[in-house]
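Me: I'm new to this one. Could you show it to me and then take a few questions?

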Amino acid sequence: MNKICGAIQNLWNEFYNTCVRNLSDRTRLIIGVSCVVAAMVIFIFCTKGKDKAGLINNWFLFWISVIVMIVGVFYLTVN
């Protein structure tokens, strides 16, 4: 089990170092702002539908917008 957890940790560290930490500040800002804007657009689409009584009419799009927003905030806050 320790070897599996170590392998997963090494995989995560390699991914993080190449895709997040080593990016320039300008690139991280562009990715973060793009993700936040995309999350807002997806959220607008998830509220449209026939049922006007509920705010969320498409739960799949809602959760996708939440995930994209988290990724965007992550890119904007990483040092």
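Me: Let's start with the helices: at roughly what angle do the axes of α2 and α3 cross?

Reply: Keep in mind that this is a predicted model. Helix α2 covers residues 25-47 and helix α3 covers residues 59-77. Their axes come within 8 Å, and the crossing angle is roughly 160 degrees.

Me: So how is α2 oriented relative to α3, roughly parallel or roughly antiparallel?

Reply: An angle over 145 degrees counts as roughly antiparallel. The two axes cross at roughly 160 degrees, so α2 against α3 is roughly antiparallel.

Me: How many nonpolar residues are in the contact of α2 with α3?

Reply: The crossing itself is left-handed. Sorted by class, the contact has 1 charged and 3 polar residues, and the nonpolar count is 21.

Me: Which residue forms a salt bridge with D25?

Reply: Side chains of opposite charge can pair when their charged atoms come close. A search of the whole structure turns up 1 salt bridge. The closest N and O atoms are 2.5 Å apart, and the partner is R28.

Methods: Residues are numbered from 1 along each chain as its sequence is written. This is a predicted model: local features need pLDDT of at least 70, side-chain atom pairs count only at pLDDT 80 or more; totals for chains, interfaces and linings use all residues. Side-chain values use heavy atoms; hydrogens and water are left out. Axes are lines fitted to C-alpha atoms, for helices over the stretch in contact, and angles run from 0 to 180 degrees between N-to-C directions. Helices (H or I, at least four residues) and strands (E, at least two) are DSSP runs, numbered from the N terminus. Angles under 35 degrees count as roughly parallel, over 145 as roughly antiparallel, 65 to 115 as roughly perpendicular and the rest as oblique. A crossing is left-handed if the near helix is turned anticlockwise from the far one by less than a right angle, and right-handed if clockwise. Ala, Val, Leu, Ile, Met, Phe, Trp, Tyr, Cys and Pro count as nonpolar, Asp, Glu, Lys and Arg as charged, and the others, Gly among them, as polar. A salt bridge is a side-chain nitrogen of Lys or Arg within 4 Å of a carboxyl oxygen of Asp or Glu.
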